[in-house]
Number of protein chains: 4
Amino acid sequence: MKSRSIIRVRYAETDRMGFVYHSNFFLYFEIGRADYFREAGFTYRQLEEEQVYMPVTECSCRFLRPAFYDDELEVFTELEMISRLKLKFSYEVFRSGTRLAEGFTVHVPTTPGGKPCRIPARYLERISNQR
Amino acid sequence: MKSRSIIRVRYAETDRMGFVYHSNFFLYFEIGRADYFREAGFTYRQLEEEQVYMPVTECSCRFLRPAFYDDELEVFTELEMISRLKLKFSYEVFRSGTRLAEGFTVHVPTTPGGKPCRIPARYLERISNQR
Amino acid sequence: MKSRSIIRVRYAETDRMGFVYHSNFFLYFEIGRADYFREAGFTYRQLEEEQVYMPVTECSCRFLRPAFYDDELEVFTELEMISRLKLKFSYEVFRSGTRLAEGFTVHVPTTPGGKPCRIPARYLERISNQR
Amino acid sequence: MKSRSIIRVRYAETDRMGFVYHSNFFLYFEIGRADYFREAGFTYRQLEEEQVYMPVTECSCRFLRPAFYDDELEVFTELEMISRLKLKFSYEVFRSGTRLAEGFTVHVPTTPGGKPCRIPARYLERISNQR
């Protein structure tokens, strides 16, 4: 299942080329990821409250067409892979049906102290059902 | 005493007007403040390691002329006021002698839990000497 | 009239204190301003397409309480003053009825080349009606 | 040849995990790229003044260890590939000799209007010599 997020481009996110500065797409991905969890029945914030962090260990994006100020973007987020120790999300960004960018992020669940850990079973279950 | 910081404008800090997006000047002020402490003989990071945080309770900036990508900016930082429970820094930003912006930030020292606290005496002394 | 915007705090907007980094409130103000124009019947983007820019010449914010990751914030935006050559917007940020911050921005309409100019009459009218 | 940039982590770049938020590494890469050009004898700003833009068409980063507030980071930038229509830079980020992250960006030279174009010969020569 893919979750769908709607994001309006902020002025601060553009650069002097007139485009959305490339690294801001990773903020859009973050919103997509948060919405994915929300649709699975919990929030990433709750996960952190249970001492499970999900730092990004890898991220990547291909930019096909620029996004502009005030554009309404659609972000589709999919859980591409999940194992005990790793998650991989993939993302697609569209404007009015035109694909602008696609990318992925990899996450390793850790304790607040930075040690790899497992996602609590009830969250894992919800994420897997969502998939 | 005023401390002096040199900052080169990043592409990501510009917006589609071609100017530095206004809120980024507060990031330049943050660098000015960090350098002010550094010249006083310690780092803001050390202060936090001693459980003293300095959240911003007020900030303000007037923009006189735009800053552009790759500009080399000079930030002058001055401790305008210090009391047991409050600090006020003022800042001026120049490019080649031309004043671009001026502003201030007010800070209240707190514990990590958010309760107002005092700055440890040895830091206060260094800051006051620096002044 | 006040316009109302709903904003969810992004992870990228927090800092290691766990709070929303102060300068990000100016991005929330920008969203409030854009929504204010939208409710008046046009977009800031349209204004720029007609060669009218509204750079910020002054901005200020007081922070009363911290905002946190994933908070749903309400931003109320009001046009405090408008003259031929200047606009002043004021903003209030709330979370579940608790006031977190309040501030203002001042804008001077300019041509893309940076010369002060007037806001076209039909936009001015809509803004004034909205008020 | 690798160019070397020194970057101090800003408070605004950290997130509530206490780490540098992942997408900010692409801002560090941008600084690395700008310094690479500078060492080759020109600035990216000059290139844009000659109507040659270099939007990012792909970017990627692997994060090995977190970076923290006030860390002094070293970024090494290398031109991995250059052809008439594409450049690829690779980057490594270190703190005191420990590798924190590595990544790459791909760029396609375009006109301000967004059409693919060639890098002017005298710039291409300098970049190639630098390599």
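An open sheet of 10 strands runs in the order β1(A)-β3(A)-β4(A)-β5(A)-β2(A)-β2(D)-β5(D)-β4(D)-β3(D)-β1(D), with antiparallel pairing. Strands pair if DSSP finds at least two bridges between them; strands (E, at least two residues) and helices (H or I, at least four) are DSSP runs numbered from the N terminus. β1 (2-8) of chain A and β1 (2-8) of chain D stand at the edges with a single partner strand each, so one side of each has no neighbour in the sheet. On average, neighbouring strands of this sheet are turned by 20° against each other, direction ignored. Axes are lines fitted to C-alpha atoms, for helices over the stretch in contact, and angles run from 0 to 180 degrees between N-to-C directions.

This is a predicted model, in which local features need pLDDT of at least 70 and side-chain atom pairs count only at pLDDT 80 or more, while totals for chains, interfaces and linings use all residues. Residues are numbered from 1 along each chain as its sequence is written, chains are lettered from A and ligands numbered from 1 in the order in which they are written, and side-chain values use heavy atoms, with hydrogens and water left out.

β2(A) and β2(D) pair in the antiparallel sense over five bridges, and Cys59(A) stands opposite Cys61(D) in β2(D). In chain D, β1(D) and β3 (residues 72-82) form an antiparallel pair over seven bridges; Ile7(D) has Leu73(D) as its bridge partner in β3(D). Helix α1 (residues 25-39) of chain A lies across β1, β2 (56-63), β3 (72-82), β4 (87-95) and β5 (98-107) of chain A together with β2 (56-63) of chain D, at about 135° to β1(A).

## Interface of chains A and D

In this interface, 23 residues of chain A are in contact with 23 residues of chain D, contact meaning heavy atoms within 4.5 Å. The buried area is about 2100 Å², with carbon and sulfur atoms giving 58%; buried area is the accessible area (1.4 Å probe) that two parts lose on being put together, summed over both. Arg16(A), Met17(A) and His22(A) supply 24% of the area that chain A buries against chain D, more than any other three residues.

Two salt bridges cross between chain A and chain D, a salt bridge being a side-chain nitrogen of Lys or Arg within 4 Å of a carboxyl oxygen of Asp or Glu. Glu48(D) and Arg16(A) meet in a salt bridge (2.8 Å, N to O).

## Interface of chains C and A

Here 21 residues from chain C and 21 residues from chain A take part in the contact. About 1800 Å² is buried between these chains, 44% of it from carbon and sulfur atoms. On the side of chain C, Arg10(C), Arg45(C) and Tyr69(C) lose the most area to chain A, together 37% of what that side buries.

Six salt bridges are counted between chain C and chain A. Arg10(C) forms a salt bridge with Glu13(A), and their closest N and O atoms are 2.8 Å apart.

Within chain B, β2 (residues 56-63) and β5 (residues 98-107) pair in the antiparallel sense over seven bridges, with Glu58(B) opposite Val106(B) in β5(B).
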